[in-house]
Amino acid sequence: MEFLSFLATFVVLGLSLSRTTFAVVDSIRPSEFMSENTTLVSRGGRFELGFFTPGSSKNRFLGIRYKNISVQTVVWVANRCEPIDDSSGSLTIDDTGNLVLYGQNKRVVWSTNSSKQAQEPLVYLLDNGNLVLRDEKDENTNNYLWESFDYPTDTMLPGMKLGWDLRRGLNRRLSSWKSSDDPCDGDFTYGIELDEPHHTYPQVFIRNGSAKLFREGPWDGISFSGASNTLSYPWYGSDYEFVHNDDGVYFTYSVNRRSIFRIVLGEGLIEYKEWEGEDTSWSSYYTIPGDQCDYYGFCGANSECVINEVNKPICQCLKGFKPKNQENWKVMHWSEGCVRNGSVSCDDKEKDVFLGFTDLKVPNAQYIWAKKSMNLHECKAKCLSNCSCTAYGYQDSDCVLWFGDLFDIRQAIYGRQNVQIRIPFSTTDSAGK
């Protein structure tokens with residue numbers, strides 16, 4: 001009997017060791033640990049959570065990566081800026097029901113921040129790459145107490161939301177790695193920025209620190225406008241969605257092909273990438289910025305950036321404007337931009353005319369007024385009533401007014417948004433490029 005008892009204890013211990021030390025697991029419950037030699041694999045086998053060492057670094061990080069492709073590709077990192085310098089890392093659920101990553105001497109390296117405590121917490125990895133924490137007692141299996149998709153690193157996967165959860169004040173944005181050896185936040189970010197206080201005109205920016213590097217125009221019903229080429233529009237087999245309501249402002253996409261897709265932020269670049277079948281490397285389908293005109297404010301204020309127009313400079317003043325510094329403009333120093341040929345007179349404001357453009361990336365919305373449910377006549381009249389209004393746009397009963405200089409305008413191949421630029425009555429006879 002003693003021998004059988006010893007044997008049973010040995011078998012149970014062996015199973016426990018195989019689970020925590022060597023096994024591939026699909027979930028974590030309280031009292032279970034995931035250590036260095038264990039990976040948490042999604043049930044469809046597409047993704048896995050495990051420890052890794054990036055590049056030539058000797059540090060260890062916990063991350064999510066694709067499981068069945070030949071090139072290690074990490075799409076999310078838990079302890080981005082808190083590396084573990086040995087093999088002591090372990091992951092478990094603590095007494096508060098949160099997922100906790102420990103380092104040497106049980107030092108807390110990283111943890112989730114769920115404000116609700118589950119009765120029976122359960123952690124698992126979905127086959128879309130989302131690591132989730134939920135209450136096993138909750139019959140709603142989609143009710144997550146915490147999810148990694150809310151805290152992206154440098155990669156946007158299909159099904160992930162990029163943008164704002166306004167109810168929680170949560171901003172989901174991408175941030176680059178510091179280097180190939182260090183997944184800590186780098187200099188570049190990519191996300192949706194809101195105009196305050198009404199959130200009527202969201203825009204997407206790549207920033208280098210606080211400096212604007214690239215701006216995508218507003219959503220035009222199909223994609224974000226102002227593309228440098230057609231590949232910013234949904235690639236074959238994918239669908240884009242933009243949600244803008246009281247609960248949130250975000251962008252998401254889905255893919256209806258067998259290939260693997262991801263959007264990744266690198267050193268000042270957003271790349272749309274695909275891995276197909278027996279490929280040995282990622283293919284880049286689209287990159288932004290894609291040309292000179294994509295760089296924010298390349299031509300300065302009140303000007304248009306135009307690619308491939310024969311015998312004309314890349315930067316051209318808008319109609320009714322002239323170079324602010326003619327000598328610098330001649331030698332292709334365009335950053336000072338353009339100024340009006342004449343000032344808007346409040347006395348003659350009702351006589352001012354508007355020149356319409358439909359092939360432009362609309363100006364930056366730093367100084368705007370926007371309102372839904374207006375008709376075109378009301379929108380134009382609203383602009384004319386304020387002599388500081390420099391342009392208006394109207395689409396699908398939405399009215400937008402711009403004030404001050406018009407900035408970051410480029411010729412767009414697929415421009416579907418109308419912009420009416422105000423030309424003072426006093427200069428209508430002489431207006432021209």
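User: How many disulfides does the structure hold?
Analyst: The structure holds six disulfides, a disulfide being a pair of cysteine sulfur atoms within 2.5 Å. This is a predicted model, in which local features need pLDDT of at least 70 and side-chain atom pairs count only at pLDDT 80 or more, while totals for chains, interfaces and linings use all residues. Residues are numbered from 1 along each chain as its sequence is written, and side-chain values use heavy atoms, with hydrogens and water left out.

User: Which cysteine does C317 join?
Analyst: C317 is joined to C338, with an S to S distance of 2.1 Å. The torsion about their S-S bond is about -85°, so this disulfide is left-handed. The pair links distant parts of the chain, since C317 is in strand β26 (residues 315–317) and C338 in strand β28 (residues 338–340), 21 residues apart. Helices (H or I, at least four residues) and strands (E, at least two) are DSSP runs, numbered from the N terminus.

User: Are C317 and C338 buried or exposed?
Analyst: C317 counts as buried at 7% relative accessibility, and C338 is buried at 2%. Buried means under 20% relative accessible area, exposed over 50%, and partly exposed in between (1.4 Å probe, protein chains only).

User: What about the link of C379 and C399: left-handed or right-handed?
Analyst: That link is right-handed, with 80° about the S-S bond.

User: Which strands form the open sheet with four strands?
Analyst: The order is β2-β7-β8-β9, with antiparallel pairing. Two strands pair if DSSP finds at least two bridges between them. β2 (34–35) and β9 (108–111) stand at the edges with a single partner strand each, so one side of each has no neighbour in the sheet.

User: How many bridges join β7 to β8?
Analyst: Four bridges join β7 (residues 90–93) to β8 (residues 99–102). T92, for example, has V100 in β8 as its bridge partner.

User: What is L131 in contact with?
Analyst: Leaving aside neighbours within four places in sequence, the contacts of L131 include L40, L49, I64, W76 and W146. Contact means heavy atoms within 4.5 Å.

User: Finally, how many aromatic pairs does the count give?
Analyst: The count comes to 18 aromatic pairs. Rings of Phe, Tyr and Trp (its six-membered ring) pair if their centres lie within 6.5 Å; planes under 30 degrees apart count as stacked, over 60 as edge-to-face and the rest as tilted. F52 and F61 form a tilted pair, 6.0 Å centre to centre with 35° between the planes.

User: How do the rings of W110 and W146 lie, and in which strands?
Analyst: Their centres are 5.8 Å apart and their planes at 70°, so the pair is edge-to-face. W110 lies in strand β9 and W146 in strand β12 (residues 144–147), so the pair ties together parts that are 36 residues apart in sequence. W110 counts as buried at 15% relative accessibility, and W146 does at 6%.

User: Which residues form an aromatic cluster?
Analyst: F47, Y66, W275 and W282 form one aromatic cluster.
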